[in-house]
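Let's walk through this structure together, starting with its ligands and moving on to a few details of the backbone. Have the sequence and the 3D view open side by side as you read.

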Amino acid sequence: MIYESTHPLVKHKLTLLRDVSTEPKKFRELIRELAMLLCYEATADLGIEETQVDTPMGKASGYVLTEKIGLIPILRAGLGMVDGIWEMMPGSEVWHIGLYRDEETLQPVSYYNKLPTSPTVQVCLVLDPMLATGGSAVAAVNILKDWGADRIKFVGILAAPEGVHTLQTAHPDVPIYIAQIDSHLNSIGYIVPGLGDAGDRQFGTG
Ligand code: PRP
Ligand code: URA
């Protein structure tokens, strides 16, 4: 399943995010806001159960979330997607996965993973703004499945068709939520037209 946003707010913010003149502070704000908007869609099927609440006027029936959510940012660029989502779901756990793309081979290299021996959450949201070749997303989902996670969703901002295909082929059970699917990858694995390097633009390291 692939969800590509049609929401006007997402389109507007994504355009600002792409803009080469957008500075790191504004870029981080936009990543945070886009992550929250996409998370709204990605969490539409979370489990709830009925409860009762006392209002100043009496009793009302309502609902509480029943599932433990794990937010799994892929370092570094996924970090900027955590805070806004975490504010909306403060009971979530955050588990970082460190992966970088080898510049020559474009293969993901794992450098950080402190997951405990067995899963502590029922739903995992993998957070990474860029789905380029798809190698990093596939590697992150492999790590989570080896951990024992069985409900995994990928939440990103921009994708190349190549990355969508690779992730869907390797993990057809993992739905993808994305602001937009772009045209293609260039010869060095960057999304075109894309937004450049999402990690460098957030952290001012470009
Ligand atoms: C970027 C991005 C993804 C990955 C996507 O990370 O944040 O994790 O590339 O590319 P792929 O789909 O081809 O694997 P990068 O390796 O640049 O690391 P960084 O976030 O630390 O800058
Ligand atoms: N990683 C990025 O940050 N940007 C791309 O276009 C591809 C991978």
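A word on conventions comes first. This is a predicted model, in which local features need pLDDT of at least 70 and side-chain atom pairs count only at pLDDT 80 or more, while totals for chains, interfaces and linings use all residues. Residues are numbered from 1 along each chain as its sequence is written, chains are lettered from A and ligands numbered from 1 in the order in which they are written, and side-chain values use heavy atoms, with hydrogens and water left out.

Let's begin with ligand 1. It is surrounded by 14 residues, the closest being Arg-101, Asp-128, Thr-133, Gly-134 and Ser-136; a residue belongs to such a shell if one of its heavy atoms lies within 4 Å of the molecule. By class, this shell has six nonpolar, five polar and three charged residues. Here Ala, Val, Leu, Ile, Met, Phe, Trp, Tyr, Cys and Pro count as nonpolar, Asp, Glu, Lys and Arg as charged, and the others, Gly among them, as polar.

Several polar contacts (pairs of N or O atoms within 3.5 Å) can be picked out here. An N or O atom in the side chain of Asp-128 is 2.5 Å from an oxygen atom of ligand 1, and a polar side-chain atom of Ser-136 is 2.6 Å from an oxygen atom of the ligand. The backbone takes part too: a polar backbone atom of Ala-77 is 3.1 Å from a ligand 1 oxygen. Taken alone, ligand 1 exposes 500 Å², and the protein buries 90% of that; such areas come from the Shrake-Rupley method with a 1.4 Å probe. Strand E6 (97–101), strand E9 (130–131) and helix H4 (135–147) are the elements that give two or more residues to the shell around ligand 1. Helices (H or I, at least four residues) and strands (E, at least two) are DSSP runs, numbered from the N terminus.

Now turn to ligand 2. Which backbone atoms make contacts with ligand 2? A polar backbone atom of Ile-191 is 2.8 Å from a ligand 2 oxygen, a polar backbone atom of Gly-196 is 2.8 Å from a ligand 2 nitrogen, and a backbone N or O atom of Ala-198 is 2.8 Å from an oxygen atom of ligand 2. The protein covers 89% of the 240 Å² of accessible area that ligand 2 has on its own.

In one of them, the side chains of Lys-13 and Glu-33 meet at 2.8 Å, N to O. Lys-13 lies in helix H1 (residues 8–18) and Glu-33 in helix H2 (residues 24–42), so this pair ties together parts that are 20 residues apart in sequence.

Finally, look at the backbone. The peptide bond from Leu-75 to Arg-76 is cis, with omega near -5 degrees, and Arg-76 lies in the loop between strand E4 (69–75) and helix H3 (82–88). Val-192 and Pro-193 are also joined by a cis peptide bond, with omega about 0 degrees; Pro-193 is in the loop between strand E15 (191–192) and helix H6 (198–203).

Conventions
Polar contact = N/O pair within 3.5 Å; in protein donor to acceptor, adjacent residues only side chain to side chain. Salt bridge = Lys/Arg side-chain N within 4 Å of Asp/Glu carboxyl O.
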